[in-house]
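Look at the structure below and keep it in view while reading. The paragraphs that follow go through it part by part.

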Amino acid sequence: MQKEESVMADKELCVTGIEELDIQLAGGIPTGSTVLVVGSSGSGKTTLCMQYLINGAKQGERGVFFTITEPLFKLTKNMEGFDFYDKKLIESGMVNLIDLRIISERLGLDTEKYTVDDASALLDILRDIADELNVKRLIIDSITALCYRLQTPELIRDFIFKLGSSLAAMKCTTLLTSEVPPRKFQYSQYGIEEFISDGIFFLGDIERKGDLIRTFQLVKMRGANHSRIKSAMSISSKNGIELAPLLKSS
Amino acid sequence: MANVLIDGLKERISNAIKMNQSIGVVLPGNNYSDLVQAIFERIHSEPEEAWVYVTVTKPYESLTRKFEYLSTDKNIKFIDCISRAAGISKEESNVIYIESPTMLEKLGLEIMNNFKEFDPNANKFLVLDSLSNLIIYNDPEIVTEFFYHLINKTRARDIHTISLAIEEEGMSQHINRLIYLNDKILKVRDSFI
């Protein structure tokens with residue numbers, strides 16, 4: 001046990017900057033991990049990822065946000081409402097926002113359907129951008145939308161495993177968002193994304209007297225002595241994402 | 001006559017909160033306005049203290065309409081749990097609106113966030129107005145759990161709490177149990193003076 005604790009203490013941690021989340025992670029995400037951020041529409045996946053990226057940039061860690069779900073102007077407009085958002089970090093290149101659909105277009109790919117070669121070209125581009133920018137934090141929003149463009153389950157499986165190996169080689173700490181239907185305790189659409197992930201953050205909700213209370217649960221984090229309690233999650237323009245233990249009588 | 005009553009209440013509360021970390025105030029409904037006035041006058045007279053006032057009883061707007069000085073006093077911040085549901089949410093710097101009184105975890109977070117905005121060396125006080133109204137919107141078990149957490153958190157951070165419970169005929173067992181979690185109980189009676 002002592003040895004295990006000392007191994008954990010030696011590991012480099014990527015501090016999310018979301019206070020209660022870092023406490024649950026026993027300090028932060030082990031650097032280089034890939035974490036699946038799972039939730040239904042409106043559960044706060046994009047906000048959590050953006051706050052993580054911006055907090056990193058404020059600590060001097062460059063980051064990149066690849067979006068395939070919404071155009072950049074919409075993404076930035078939504079984020080402008082949060083106090084943690086700092087436009088200067090985008091302008092200075094500490095936070096890079098990239099629309100994968102534009103990259104696909106520039107590569108001459110069909111933006112709605114990817115072949116094996118297309119997927120492979122896209123992976124190479126992701127890796128090249130991450131290397132060139134020397135990013136420490138990377139987001140793909142969302143892995144579900146990316147896989148949706150692949151035609152068969154075999155292609156999806158193959159793409160996800162290749163993505164897993166690429167991310168492992170990049171040495172940056174990655175968050176992949178995964179869209180799931182509401183009120184279903186499943187981690188991914190294709191049932192395979194969780195296997196390439198070192199960690200899983202599950203964003204859900206519970207109903208209380210007809211109101212929906214957002215919840216957060218740290219389901220898995222390899223290499224971290226982490227908490228598994230279910231938390232209530234608050235999103236506010238002033239403080240972004242905050243967690244508090246969920247009352248058990250819920 | 002009214003002033004004597006309010007001054008008397010103010011003195012009782014001030015003395016009790018000086019000596020105890022948490023006090024529960026049980027009062028009949030018709031004394032509610034006097035008690036609230038006594039608390040606000042105390043807050044207004046001690047500008048170096050830091051107060052967070054959680055209202056589940058009257059909207060912030062209605063309180064500040066009656067006690068105008070509250071909207072400019074710098075030593076009090078409000079958390080209004082009922083106005084949003086009624087479609088009122090006038091943005092002001094000293095109030096935070098919670099969407100619904102069922103969002104107890106959010107309420108707990110905002111209480112602590114509000115105290116962070118005050119001078120850390122100031123004496124800190126929290127008013128929960130009221131436990132009986134929280135129970136209207138929530139199951140009693142969850143309010144009990146919330147209150148246990150809140151009392152522990154505030155004790156750990158040296159925040160004094162005043163929790164109100166409006167006495168009704170056959171006051172619920174839960175309120176009785178909750179109010180006795182406080183260090184001191186003040187029972188306000190119609191015949192107080």
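What is the mean pLDDT of chain A, and what share of its residues reach 70 or more? This is a predicted model, and the mean for chain A is 90, with 96% of its residues at 70 or more. Where pLDDT is low, the predicted coordinates should not be read in detail.

Next comes the sheet. Chain A holds an open sheet of 9 strands, in the order 5-4-6-7-3-8-9-10-11, and the pairing is mixed. Strand 5 (95–99) and strand 11 (240–245) of chain A are at the edges; each has a single partner strand, so one side of each is left without a neighbour in the sheet. From one strand to the next, the twist averages 25°. Strands of a sheet pair through backbone hydrogen bonds, and they may do so either parallel or antiparallel.

One pair can be followed in detail. Strand 4 (residues 63–67) and strand 6 (residues 137–141) of chain A run parallel and are joined by 5 bridges. Within this pair, F65(A) stands opposite I139(A) of strand 6 of chain A. Helix 7 (residues 116–133) of chain A packs on the sheet, where it touches strand 4, strand 5 and strand 6 of chain A. The direction of helix 7 of chain A makes about 155° with that of strand 4 of chain A. Helix 4 (residues 72–79) of chain A lies across strand 4 and strand 5 of chain A and runs at about 140° to strand 5 of chain A.

Now turn to chain B. Is helix 2 of chain B largely enclosed or left open? Of its 14 residues, 10 are buried, so helix 2 of chain B is largely enclosed by the rest of the structure. Among these buried residues are Y32(B), L35(B), F40(B) and I43(B). Helix 2 (residues 32–45) of chain B reaches 20 Å from its first C-alpha to its last, close to the 20 Å expected at 1.5 Å a residue.

Helix 6 (residues 140–156) of chain B can be checked in the same way. At 1.5 Å a residue its 17 residues should span 24 Å, and its end C-alpha atoms are 24 Å apart, which agrees. Its buried residues include I142(B), F146(B), L150(B) and T154(B). Helix 6 of chain B is followed by D158(B), whose phi is positive, near 55°.

Methods:
Residues numbered from 1 in each chain as written. Chains lettered and ligands numbered in written order. Predicted model: local features only at pLDDT ≥ 70, side-chain atom pairs only at ≥ 80, totals over all residues. Heavy atoms only, no water. Pairing = 2+ DSSP bridges. Helix = DSSP H or I, 4+ residues; strand = E, 2+ residues; numbered from the N terminus. Axes fitted to C-alpha atoms, helices over the stretch in contact; angles between N-to-C directions. Contact = heavy atoms within 4.5 Å. Expected span 1.5 Å × (residues − 1). Buried < 20%, exposed > 50% of the residue type's maximum accessible area, 1.4 Å probe, protein only. pLDDT = per-residue confidence, 0-100.
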